[in-house]
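Colleague: I have a model open and would like to go through it with you. Can you put it up so that we look at the same thing?

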Amino acid sequence: MQIVTALGMVCRKFLSPQSAAYRALTAFYQRLDSLKRQYSRNSITVAINVTQHCNLNCACCNQFSPLVDEYFYPVETFQNECGRLLAVGKQKISMIGFQGGEPLLHPQLAEFFDIARAYFDKYNPAGRICVISNGLLLLRQPESFWRNCKKNNVIINITNYRIRLDYNAMEMTAKKYGVQFEYIEDSGIIEKTTNRMPFDMAGTQDVKSTWRLCYYANKCINLREGKLYTCPTVQGAHFFNSYFGTHLEISEKDSIDIYKAKNIDEILDFLSKPVPFCRYCNWKAAQTQIPWRTSTKSISEWADAP
Ligand code: SF4
Ligand code: SF4
């Protein structure tokens, strides 16, 4: 499947996102990638939304962050969950990614790094840690943050929204402290684009069909409150319900409890299969390469009219 990854990189690097060729190749890449995701993975990256709110307000945000006033993941909760996750997963947990929302809004972010590194040292010394940020607050971080990143070998991943930020200064600061710095899916393209996957509020989608089209399934795996989710959508759907007063049903069958799972293979198997919530996701109607814009918090950014 290396060729699949290479194809995706070529699409992003050399083609305009507005071109027909880019769209066709991206769709083809997604199909191939989805084939890979229908099988249990050998190892997984687990994302932790240390915040759910954000200091950027992107339309169609797949974390529902524009709809969230404030959410901080308790560091004490993570201490327990990280211990359990690594004890059960060991080498099959290859990376922990701290994201949001905007993770740099969490005042105890460095403690999350310390905890993750300590458990990786115990169970999987090759385990990697990254933080995925929009970069707005990166240059305001104190020296202690950078030293902590260096100590814990944290990779800084920046999504380049091409807003007025000094990306060069970020790169130089990371270099100064010996911290690995990367862009997420950097294409060199001036205009950041976004995707929109509308909810089918009636929940009439065929779960297997929509799962096969899904970009997130068994790839963007999230941990929240002791449960692993195969995608960010189910993990954050209660924020959508709460903001719009809707009733998308989120059940026990939509996640796997890391404390109840017997072993890592049970977890990996669960993550490679559709969940009941998939009936709300209308991936057939998903739109890609939409020019980036700010959210108006309209329900139409996340859902089609019933
Ligand atoms: S920066 Fe990311 S998390 Fe924040 S609103 Fe935009 S898409 Fe959502
Ligand atoms: S609920 Fe299912 S279809 Fe929807 S994003 Fe998650 S994995 Fe994909």
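Modeller: What follows is a walk through the ligand site, a helix, some loops and a few single residues. Keep in mind that this is a predicted model.

Colleague: Start with ligand 1. Which residues surround ligand 1?

Modeller: The residues around ligand 1 are C54, L56, C58, C61, S65, G101, N134 and Y161.

Colleague: And by class, how many nonpolar, polar and charged residues are in that shell?

Modeller: The shell of ligand 1 has 5 nonpolar residues and 3 polar ones, and no charged residues.

Colleague: Where is G101 found?

Modeller: G101 is in the loop between β2 (93-99) and α4. The peptide bond that joins G100 and G101 is cis, with omega at about 15°.

Colleague: I see a number of cysteines. How many disulfides does the structure hold?

Modeller: The count is 0 disulfides. For reference, a disulfide is a covalent bond between the sulfur atoms of two cysteines.

Colleague: What about C231, buried or exposed?

Modeller: C231 counts as buried because its relative accessibility is 7%, and the cut-off for buried is under 20%. C281 is buried too, with a relative accessible area of 7%.

Colleague: And C60, where is that?

Modeller: C60 sits in the loop between β1 (44-49) and α3 (75-89). C60 is buried, at 7% relative accessible area. Its backbone is worth a look: C60 has a positive phi of about 65° although it is not a glycine.

Colleague: Which other residue has a positive phi although it is not a glycine?

Modeller: N153 is one, with phi at about 55°. N153 follows α5 and lies in the loop between α5 and β4.

Colleague: Is N153 buried or exposed?

Modeller: N153 is exposed, with a relative accessible area of 52%.

Colleague: Let's stay with α5. Which of its residues are buried?

Modeller: In α5, which runs over residues 143-151, the buried ones are F145, W146, N148 and C149. These residues lie on the same side of α5, because they cover an arc of only 160° around the axis.

Colleague: Which residues are exposed on the other side of α5?

Modeller: On the other side of α5, S144, R147 and K151 are exposed.

Colleague: And what covers the buried residues of α5?

Modeller: The cover includes α4 (109-123), β4 (154-158) and α6 (167-177).

Colleague: What does L139 touch, apart from residues up to four places away in sequence?

Modeller: L139 touches D166, A169, M170 and T173. Take M170: L139 and M170 are 31 residues apart along the chain, and their C-alpha atoms are separated by 6.4 Å.

Colleague: Change of topic. Where is Y229 placed?

Modeller: Y229 is in strand β8, residues 227-229. At 10% relative accessibility, Y229 counts as buried.

Colleague: What is Y229 in contact with, leaving aside its neighbours within four places in sequence?

Modeller: The contacts of Y229 are C220, I221, N222, R224, V234, Q235, D254, S255 and L271.

Colleague: Now Q91. Where does Q91 lie?

Modeller: Q91 lies in the loop between α3 and β2, and at 53% relative accessibility Q91 counts as exposed. Leaving out residues up to four places away in sequence, Q91 touches S43, Y123 and N124. From Q91 to I44 the C-alpha distance is 9.4 Å, for residues 47 apart in sequence.

Colleague: Last ones. Where does A305 lie?

Modeller: A305 lies in the segment after β10 (287-291). A305 is exposed, with a relative accessible area of 70%. The C-alpha atoms of A305 and N55 are separated by 28 Å, and the two residues are 250 apart along the chain.

Colleague: And what does the domain assignment give?

Modeller: The domain assignment gives domain 1 as 1-37 and domain 2 as 43-301. The C-alpha centres of domain 1 and domain 2 lie 22 Å apart.

How values were computed:
Residues numbered from 1 in each chain as written. Chains lettered and ligands numbered in written order. Predicted model: local features only at pLDDT ≥ 70, side-chain atom pairs only at ≥ 80, totals over all residues. Heavy atoms only, no water. Near = heavy atom within 4 Å. Nonpolar A, V, L, I, M, F, W, Y, C, P; charged D, E, K, R; others polar. Buried < 20%, exposed > 50% of the residue type's maximum accessible area, 1.4 Å probe, protein only. Helix = DSSP H or I, 4+ residues; strand = E, 2+ residues; numbered from the N terminus. Arc of directions from axis to C-beta. Contact = heavy atoms within 4.5 Å. Disulfide = S-S within 2.5 Å. Domains from an automatic or database assignment.
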